[in-house]
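Thanks for coming, everyone. Let me put the structure up, and then I'll walk through a few places in it.

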Amino acid sequence: MKRIKESKGVADIAAEGQGLVGSERKIPETVPVLPVRDMVVYPFMILPLYVGREKSIRAVEGALSRDRLILLVAQKDAEVEDPNSQEIYPVGTVTMIMRVLKMPDGRVKILVQGLARTRILEFLRKEPYFEARIAEILDDEVPTMGVELEALIRTVKEQVSRSASVGKQISPDILVIINNLDHPGRLADLVASHLDLKVEQAVEILEITSPEERLRRISDFLRKEIELLEVQQRIQSQAKEEIDKTQREYYLREQLRAIQKELGETDERQQEIDEFSAKIEKAKMPSPVAAEAKTQLNRLARMHPDAAEASVVRTYLEWLIELPWSKQTRDKIDIERARKILDEDHYNLEKVKERILEYLAVRKLKKNKMKGPILCFVGPPGVGKTSLGRSIARALGRKFVRISLGGVRDEAEIRGHRRTYIGALPGKIVQGIKTAGTNNPVFMMDEVDKVGADFRGDPSAALLEVLDPEQNVAFTDHYLGVAFDLSKVMFITTANMADPILPALKDRMETIEISGYTEEEKLHIARRYLIPRQLKEHGITEGQLQLTDEGVLKIIRGYTREAGLRNLEREIATVCRKVAKEVAAGRTEPFRVTAQNLHRFLKAPRYLPEPEQEQDEVGVGTGLAWTQAGGDIMYVEATVMKGKGQLLLTGHLGEVMKESAQAALSYARARAPELRVKEDLFSKVDIHIHVPAGAIPKDGPSAGITMATALISALTRVAVKRSVAMTGEVTLRGKVLPVGGVKEKVLAARRGGITTVLLPQKNDKDVKELPKTIRRGMHFVFVEHMDQVLAAALVRPVKEKGQVGIAAAKRPTPAMTVH
């Protein structure tokens with residue numbers, strides 16, 4: 001059953017309504033029932049319907065054969081094709097079939113008018129159509145027209161008018177009838193028939209017997225309907241304004257284009273396309289890149305200039321045009337000039353300078369057929385790794401670009417984002433090349449050891465292609481989508497430590513280690529670079545401030561503890577600020593800063609030197625340690641006490657260092673007869689090994705021989721020479737294995753006033769590479785076995801007579817100062 005949206009004239013409705021309803025036709029007890037979908041019919045309502053279901057057509061025929069009365073009830077579920085008695089509402093409206101028309105497709109078109117509300121009491125039959133016994137639902141007696149009821153009727157009429165004004169589709173004839181109705185029940189039914197109510201809401205209205213209550217419910221529904229219509233009207237108004245604005249702009253733009261054409265002026269859009277085309281030709285791109293650029297330019301020409309995609313294509317073309325596809329600087333291949341520039345900017349660093357000069361020499365011989373080297377400077381902070389890259393660029397006459405990889409975790413930071421993403425950009429590599437303006441700059445990547453990895457990818461893996469001379473000839477950035485040749489770029493990376501670097505990435509780079517500076521080197525650099533720079537930055541002259549060598553050395557030893565120079569320059573800047581304040585206040589006398597008056601500028605020293613041992617002591621060995629700030633002296637103390645054979649280790653030691661202590665003890669136990677120590681001693685005593693400065697974590701195998709020496713000294717009661725420092729890993733068989741950080745450790749020995757250093761035999765090559773200034777005055781003893789270590793470190797050989805037993809263990813170990 002479908003409702004036909006037709007309208008009848010006011011005269012027809014009034015005439016037919018008064019003729020049928022006004023006669024107060026009697027409602028029979030039994031009538032045919034016609035289920036309808038998605039609608040509820042009210043009394044006095046005239047509407048056409050299409051009847052298509054067989055059962056419904058038979059119900060219409062049954063009504064026509066009797067008194068033309070039929071009960072229209074709503075289905076609970078409109079999707080059900082053949083509803084049963086439980087699937088229709090028990091309340092409906094008895095209607096009069098006014099006209100009938102049979103359609104060619106077998107359906108029947110009927111025109112009905114609602115007469116009265118009724119309730120189904122029981123179904124008398126269900127075939128061939130529904131027939132039910134019904135009872136009429138009579139309205140309550142209409143109360144006397146009071147102020148409240150009259151106000152309610154007037155409110156409903158105003159709400160209907162308001163809803164029609166904000167977009168509700170109500171014919172003018174219906175509005176006239178509504179405005180002329182004063183009966184609250186009929187007014188409520190007529191308004192309800194024109195509201196977009198859900199079926200259950202419409203049935204609820206139909207069931208209410210109080211006209212006044214029915215009208216109140218209609219007023220509530222009208223208020224909600226008006227709110228929805230006002231919001232809908234506002235949305236449509238805003239959309240219409242946007243459309244009108246766009247159409248107006250388009251119309252004006254077309255008019256402007258036509259006027260420019262008549263005046264012979266160039267179209268702005270075509271002018272932009274022509275400019276892009278000229279720039280593409282000027283950029284001298286490789287053929288595949290030029291082809292892609294022209295393809296994108298043709299796309300841009302076909303697009304509306306205000307389209308969102310147009311701005312994306314325009315940005316992409318600008319990136320392609322601005323990249324230096326064919327621009328490069330000519331290398332100034334003058335080896336002597338390059339050597340002079342490198343010496344001017346950096347003191348020492350001979351290995352690095354030699355490598356750069358070798359590159360220049362090969363480049364000069366091979367002309368321009370050589371791929372750029374990929375160097376990795378590894379060293380502690382502040383030793384000049386980054387500034388060295390700038391000096392290399394100046395020596396070569398190239399542009400210099402630097403990016404920091406510290407904390408980079410997204411692979412797109414290297415390779416770029418694909419253009420499908422909003423706000424996409426090329427990666428740091430392509431951005432750096434664009435900044436340089438040439439395709440052969442010196443490209444420095446700082447902190448390559450601090451690259452992270454997470455769910456967005458591994459930037460280190462993305463760097464593999466960038467830093468591989470065999471692959472970076474055709475590096476493809478995700479944003480560009482075309483290959484860019486990076487083989488002419490000289491890549492330099494820096495790192496504080498080489499261990500965290502991805503092994504595959506490390507394999508592609510030539511690692512050059514830059515160790516810390518000696519005190520003499522720091523003094524020379526301060527005199528040559530740091531002090532003049534700080535004087536200039538603080539606006540004072542050499543005549544106003546004089547820093548003596550002793551004063552600078554006091555700053556190095558007492559106020560800084562680093563392998564590099566950053567803190568040294570910071571402390572010099574502090575002195576300059578103090579002097580600048582006095583000069584600005586009007587003082588004219590020059591300042592002379594010495595070791596004696598330095599505290600007036602920098603307060604008390606932050607670091608105190610390790611106190612030297614006053615005498616050779618039993619159970620105390622002097623070791624050498626490597627730190628990121630350079631080398632340091634490390635004392636190892638061992639003592640023996642009555643106990644049950646336990647080994648106690650203290651001093652915040654790492655696992656590797658603890659294992660070195662275990663190895664030293666095992667070696668001592670295995671060599672007990674040769675060391676003149678009773679074998680049963682180890683089960684009767686506890687051995688305690690301690691490394692002072694317990695708040696500082698310590699680890700590594702290089703303290704192995706120091707621990708073994710201190711332990712054997714405590715067991716044999718033979719003192720260790722205080723003038724000897726040592727480093728090396730020990731095995732269970734007593735062999736001494738090589739270690740790293742030799743330069744830093746030797747520097748630490750020099751600072752501590754120790755002149756004799758025991759080193760593994762295989763570290764002799766490292767000593768030969770040390771500058772003469774470091775080796776001068778030092779005595780190096782190269783050892784392969786613990787026997788050689790003991791011979792050089794102990795004040796005398798182990799006693800051949802008078803074995804050390806439990807009685808010796810009971811004697812207290814000489815006390816020592818805690819460092």
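Predicted model: local features only at pLDDT ≥ 70, side-chain atom pairs only at ≥ 80, totals over all residues.

I'll start with a pair of strands. β10 and strand β13, residues 490-495, run parallel and are joined by four bridges.

Glu447 is in the loop between β10 and α16, residues 459-466. Its phi is near 55°, a positive value in a residue other than glycine. Glu447 is partly exposed, at 26% relative accessible area.

There is another residue with a positive phi to look at. Lys603 has phi near 60°, and again this is a residue other than glycine. You'll find Lys603 in the loop between α21, residues 599-602, and β17, residues 620-627. Lys603 counts as exposed, at 60% relative accessibility.

While we're on backbone, look at Glu127 and Pro128. A cis peptide bond joins them, with omega about 0°. Pro128 lies in the loop between β6, residues 108-125, and β7, residues 130-136.

Next, a helix. α3 covers residues 147-165, which is 19 residues. From first C-alpha to last, α3 reaches 27 Å, close to the 27 Å expected at 1.5 Å a residue. Which residues of α3 are buried? Leu149, Leu152, Ile153, Val156, Lys157, Gln159, Val160 and Ser163. Look down the axis of α3: these buried residues fall within an arc of 155°, so they line one face of the helix. On the other side, Val147, Glu148 and Glu158 are exposed.

What do the buried residues of α3 pack against? Three helices: α4 at 172-180, α5 at 184-192 and α7 at 211-263. After α3 comes Gly167, with a positive phi near 120°.

Stay with α4 for a moment. Asn180 lies in that helix. Asn180 is exposed, with a relative accessible area of 59%. Between the C-alpha atoms of Asn180 and Lys157 there are 9.6 Å, although the two are 23 residues apart along the chain.

On to charges. Side chains of opposite charge can pair when their charged atoms come close. How many salt bridges does the structure hold? The count is 43.

Take Arg217 and Glu204. Their side chains meet in a salt bridge, 2.9 Å from N to O. This pair links distant parts of the chain, with Arg217 in helix α7 and Glu204 in helix α6, residues 199-207, 13 residues apart. Arg217 is partly exposed at 21% relative accessible area, and Glu204 is partly exposed at 32%.

Then Arg339 and Glu336. Here the salt bridge is 4.0 Å, N to O. Both sit in helix α11, residues 335-345, and because they are three residues apart, about one helical turn separates them. Arg339 is partly exposed at 35% relative accessible area, whereas Glu336 is exposed at 55%.

And Asp105 with Arg107. The closest N and O atoms in this salt bridge are 2.8 Å apart. Asp105 is exposed, at 51% relative accessible area. Arg107 is partly exposed, at 29%.

Last stop: a charge without a partner. Lys745 is in helix α24, residues 742-751. Is Lys745 buried or exposed? Buried, yet it has no salt bridge. The nearest side chain of opposite charge is Glu744, 8.2 Å away. So what is Lys745 in contact with, leaving aside neighbours within four places in sequence? The residues include Leu624, Ala625, Trp626 and Gly631. Ser702, Thr727, Val739 and Gly740 are also in contact with Lys745.

That's my tour. Over to you for questions.

Note on methods: Residues numbered from 1 in each chain as written. Heavy atoms only, no water. Helix = DSSP H or I, 4+ residues; strand = E, 2+ residues; numbered from the N terminus. Expected span 1.5 Å × (residues − 1). Buried < 20%, exposed > 50% of the residue type's maximum accessible area, 1.4 Å probe, protein only. Arc of directions from axis to C-beta. Contact = heavy atoms within 4.5 Å. Lys, Arg positive; Asp, Glu negative; His and termini not counted. Pairing = 2+ DSSP bridges.
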